[in-house]
Amino acid sequence: MPAKAKKTQPLVGIIMGSRSDWPTMEHASKVLEELGVAHEVEVVSAHRTPDKMFRYAETAASRGLKAIIAGAGGAAHLPGMVAAKTALPVLGVPVQSRALSGMDSLLSIVQMPGGIPVATFAIGDAGAKNAGLFAASLLALEDPSLAKKLAKLRADQTDSVLEDPDPRVE
Ligand code: RP5
């Protein structure tokens, strides 16, 4: 039998309050995947699994994580509570809630008291994608090959817009 492949150390943790947040949060995972950034993904709920949330936040740095992307919707306490228990950068993604379209999530995440920062992104898919890109930018400060990949991703994005400027053509 072939030896089991050694697991790569995750550098970014993507957590979310519920499985129902995954269709949003997978955009963070996808962009990290594209950039080759090792990451882990887990449901950790501030309300339904509060003890797990504290354990996760308290052990994140010693487990080698460099940043945590936390997504939640509604009474979105996860990013703030995680930030309260770790000094790692916490990137908060407001998930679009059914009742209030994510305004509740956004305001819950963005209004942190001075002293406990959470970098807050846009509501929904764009926010999740940008949180992934932002985490990669943080890591790229000390990883020139990742910085190159990020620069290429930006250049490709620019090219694809410039090459196809007529919105009437599919
Ligand atoms: C939050 O409550 C989650 O982050 C989710 O966005 C929202 C609804 O959760 P479910 O009822 O779909 O599990 O904790």
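Predicted model: local features only at pLDDT ≥ 70, side-chain atom pairs only at ≥ 80, totals over all residues.
A residue counts as buried if 20 or more other C-beta atoms lie within 10 Å of its own, as exposed if 12 or fewer do, and as partly exposed in between.

**Residues in the loops**

Let us stay with Pro113 for a moment. You will find Pro113 in the loop between helix H4 and strand E5 (119-120). Gly80 is 33 residues away from Pro113 in sequence, yet the two are 9.4 Å apart in space, C-alpha to C-alpha.

Ser101 sits in another loop, the one between strand E4 (90-95) and helix H4 (103-110). What is the phi of Ser101? It is positive, about 60 degrees, although Ser101 is not a glycine. As background, most residues other than glycine have a negative phi. Ser101 has 12 C-beta neighbours inside 10 Å and therefore counts as exposed.

Leu88 belongs to the loop between helix H3 (78-84) and strand E4.

Glu142 lies in the loop between H5 and H6. With 9 C-beta neighbours inside 10 Å, Glu142 counts as exposed.

Helix H6 itself covers residues 144-162, which makes 19 residues. From its first C-alpha to its last, H6 reaches 27 Å, close to the 27 Å expected at 1.5 Å a residue. Why does H6 lie largely in the open? Of its 19 residues, the number buried is zero, so the helix lies largely in the open. Arg154 is found in H6, and Arg154 is exposed because it has 11 other C-beta atoms within 10 Å.

| Pair | Apart in sequence | C-alpha to C-alpha |
|---|---|---|
| Pro113 and Gly80 | 33 residues | 9.4 Å |
| Glu142 and Ala84 | 58 residues | 26 Å |
| Leu88 and Val169 | 81 residues | 45 Å |
| Arg154 and Pro50 | 104 residues | 38 Å |

**How H1 and H5 pack**

Two packed helices are described by the angle between their axes and the distance between the axes. Helix H1 (residues 22-34) packs with helix H5 (residues 125-140) at an angle of about 30 degrees, and their axes are 7 Å apart. The crossing of H1 and H5 is right-handed.

Which residues of H1 meet H5? On the H1 side they are Thr24, Met25, His27, Ala28, Val31 and Leu32. Their partners in H5 are Asp125, Ala128, Lys129, Ala131, Gly132, Leu133, Ala135 and Ala136. By class, the contact of H1 with H5 has nine nonpolar, three polar and two charged residues.

**Around the ligand**

Finally, have a look at the ligand. The residues around it are Met16, Gly17, Ser18, Ser20, Asp21, Ser45, His47, Ala72, Gly73, Gly74 and Val95. How does this shell divide by class? It has three nonpolar residues, seven polar and one charged.

Methods
Residues numbered from 1 in each chain as written. Axes fitted to C-alpha atoms, helices over the stretch in contact; angles between N-to-C directions. Helix = DSSP H or I, 4+ residues; strand = E, 2+ residues; numbered from the N terminus. Left-handed = near helix turned anticlockwise from the far one by under 90°. Contact = placed C-beta atoms within 7 Å. Nonpolar A, V, L, I, M, F, W, Y, C, P; charged D, E, K, R; others polar. Near = placed C-beta within 6 Å. Expected span 1.5 Å × (residues − 1).
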